[in-house]
Amino acid sequence: MGWQNEDDLLHHLQKLDRVNPPRREFVERLRQTLADEMAAMPQKRRRRRMIAQTGMLTCAVAILLFFLGANQQAWRAPITAVPPVQHPAEPSKQHVPSPPEQVPHNPEDVPPMTPHTPIPPASLSPLIQNEADQKPTQKGVKQPEGGEEKRQPPAGNIMRTQRHAPKAPTVQEQAYAYFQEAGAKDLAQFQVNPFLSAPGRGFVVLNRMVGGIPFLADRYTVELDEAGKPVQSEMIQNAVSLQDFPSPIPAVSAAAAKRYVADRMKLVYTAGSAPHLRYQLMFSGTLDAMSGKQWERSTEEMPPSKSIPVTPAGKNMFAHTAEEAAALLADEFGIEAKGTVTVQNVGAETEYTWEEGQGKRVRVAVAMQTGQLTEWIVIDSAMKKETPDAAQSDNDLSDKAVSALAPYLDASIRELQAAGVQQAGAVRTYYFNQLHEGVPIVDRTFSVTFDLGQEKVIGMRLGIPDGEVRLPAAKSAISREAAAEAYLKTRPLRLAYRMLGEAGQQPKPRLVYYIYYHETPRLEVDAVTGKLIVGSGHNRNFSVQKEAAQD
């Protein structure tokens with residue numbers, strides 16, 4: 001129905017059959033429909049008008065932006081392309097810690113890296129080419145009389161061409177160049193070892209790479225001065241072939257090596273001026289990657305032993321002169337001190353030494369402040385050269401050692417723990433630590449030395465009493481796994497080949513997990529905070545052991 005046209009509507013209504021008029025309901029419904037449609041007409045017209053206006057505004061904005069962009073592009077200064085700098089390949093994809101300040105005495109004894117590409121000599125390093133002759137001219141800009149264009153672009157954010165000066169050769173590149181000139185053999189097989197090198201001091205170590213793993217026994221070492229001139233150098237290669245190197249495929253996993261380190265974390269106390277609860281890593285720093293066992297074990301790597309109950313008597317002995325020390329030694333232990341006596345102060349102790357001749361001497365140490373006896377020992381070089389028989393070697397004197405110590409221990413000591421045994425010829429020394437809450441106090445070490453032939457006590461270390469010390473609770477310690485993780489973040493295990501051999505066997509290349517600079521310095525983990533601290537130095541607090549090494 002064309003009801004929008006009112007004239008047509010009226011004309012149509014006039015022609016309706018007047019004999020049969022429409023029903024009243026139909027008429028009322030038609031009237032209401034027409035009224036509703038007429039009321040909605042203004043709103044629909046406004047909506048159509050708004051849509052049309054919005055479209056026109058959008059077109060205008062688009063046209064304006066187009067002209068502005070074209071205008072700015074016309075003023076933009078041309079960009080000069082600069083060739084990319086081709087830097088030497090990185091030695092490793094993993095982060096390399098800064099090398100320590102000290103140069104290792106034996107650079108062979110250090111751990112591995114991941115494979116990387118050798119750094120070429122400085123002469124092979126690409127230089128960035130200047131493009132001074134490739135300056136495009138700009139239209140509408142007057143050229144100066146000098147002939148060189150002085151382009152003055154309009155104000156705004158305009159990119160400028162950057163010039164790069166030739167790059168100076170690095171210390172590593174200078175080292176490669178030096179070894180090239182020196183005719184170093186198989187230089188292409190060698191890489192800079194970032195864990196052994198100290199470029200800041202001009203010290204560079206190159207190791208031979210075997211399947212991406214450094215062979216630490218083959219090394220080229222050079223120290224350069226500030227001008228890049230060699231101060232000293234060394235080139236070492238071993239007569240080994242590739243067939244002598246074990247394949248890394250059957251090696252134990254890195255995760256298994258880390259678990260081994262965690263198992264070697266030992267919880268200990270130090271009761272010095274700053275009491276600590278700490279973890280000591282009882283590990284030589286070299287783990288055989290094929291067997292999963294460590295190399296170069298020592299007394300400090302002995303497994304912990306059970307608690308030894310003691311009943312101390314707290315007997316103290318004092319000497320303030322050499323005569324008093326000799327008399328004390330004779331009365332208490334039946335040892336006669338003869339010969340020329342010398343007196344010297346060592347740390348907090350005063351030592352009296354009697355030289356009897358023929359490699360035999362007696363030494364007594366007392367606390368410098370109080371004169372309390374701290375140690376005595378009979379040193380006989382001949383006894384250390386003797387070979388004990390099988391019965392003497394198998395004779396366990398640890399119980400006798402505890403019985404000999406008990407009368408002179410402080411009354412507060414209730415438990416001891418065996419800390420190791422050392423033997424030199426017919427002389428054997430037993431070491432013990434005081435226990436606190438089941439944890440050894442490593443700077444409270446006692447020792448008893450025996451003559452195995454006579455089963456006689458010939459030495460005793462009682463230590464300097466330091467009184468009561470408040471120690472942290474053992475239950476506050478972090479786990480061994482957390483301690484190992486903290487340690488290995490700073491000194492990680494790395495694969496390397498080293499020349500190692502069993503006792504009496506010829507050394508050969510061994511695949512190992514290695515900790516670089518494990519002993520320089522020896523680090524420990526604070527068992528409460530989890531932070532690394534410098535070692536206490538009490539892993540081997542054995543005075544008699546040092547004396548034996550001197551003889």
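1. Asn193 sits in the loop between strands S1 (190–192) and S2 (203–210); helices (H or I, at least four residues) and strands (E, at least two) are DSSP runs, numbered from the N terminus. Asn193 is buried, with a relative accessible area of 0%. Here buried means under 20% relative accessible area, exposed over 50%, and partly exposed in between (1.4 Å probe, protein chains only). The side chain of Asn193 makes a polar contact of 2.8 Å with that of Asn207. A polar contact is a pair of N or O atoms within 3.5 Å; within protein, one must be able to donate a hydrogen and the other to accept it, and residues adjacent in sequence count only if both atoms are side-chain atoms.

2. The model is predicted: local features need pLDDT of at least 70, side-chain atom pairs count only at pLDDT 80 or more, and totals for chains, interfaces and linings use all residues. Residues are numbered from 1 along each chain as its sequence is written, and side-chain values use heavy atoms, with hydrogens and water left out.

3. The mean pLDDT of the chain (the predictor's confidence in each residue, from 0 to 100) is 79, and 74% of its residues reach 70 or more. Over residues 74–150 pLDDT stays under 50, and the model has 141 contacts beyond four places in sequence for them, a contact being heavy atoms within 4.5 Å. Residues 155–159 also stay under 50, with three such contacts. Where pLDDT is low, the predicted coordinates should not be read in detail.

4. In helix H3 (residues 171–181), Gln172, Glu173, Ala175, Tyr176 and Phe179 are buried. They cover an arc of only 155 degrees around the axis, which puts them on the same side of H3; the arc is that of the directions from the helix axis to the C-beta atoms. These buried residues pack against S1, S2, S3 (213–224) and S4 (230–236).

5. The salt bridges (a side-chain nitrogen of Lys or Arg within 4 Å of a carboxyl oxygen of Asp or Glu) number eleven. One of them joins Glu524 and Arg278, with the closest N and O atoms 2.7 Å apart. This pair links distant parts of the chain, Glu524 in S19 and Arg278 in S6, 246 residues apart. Both Glu524 and Arg278 are buried.

6. Arg461 and Glu375 form another salt bridge, at 3.2 Å; both residues are buried. The network of salt bridges that includes them links Glu349, Glu351, Arg363, Glu375 and Arg461.
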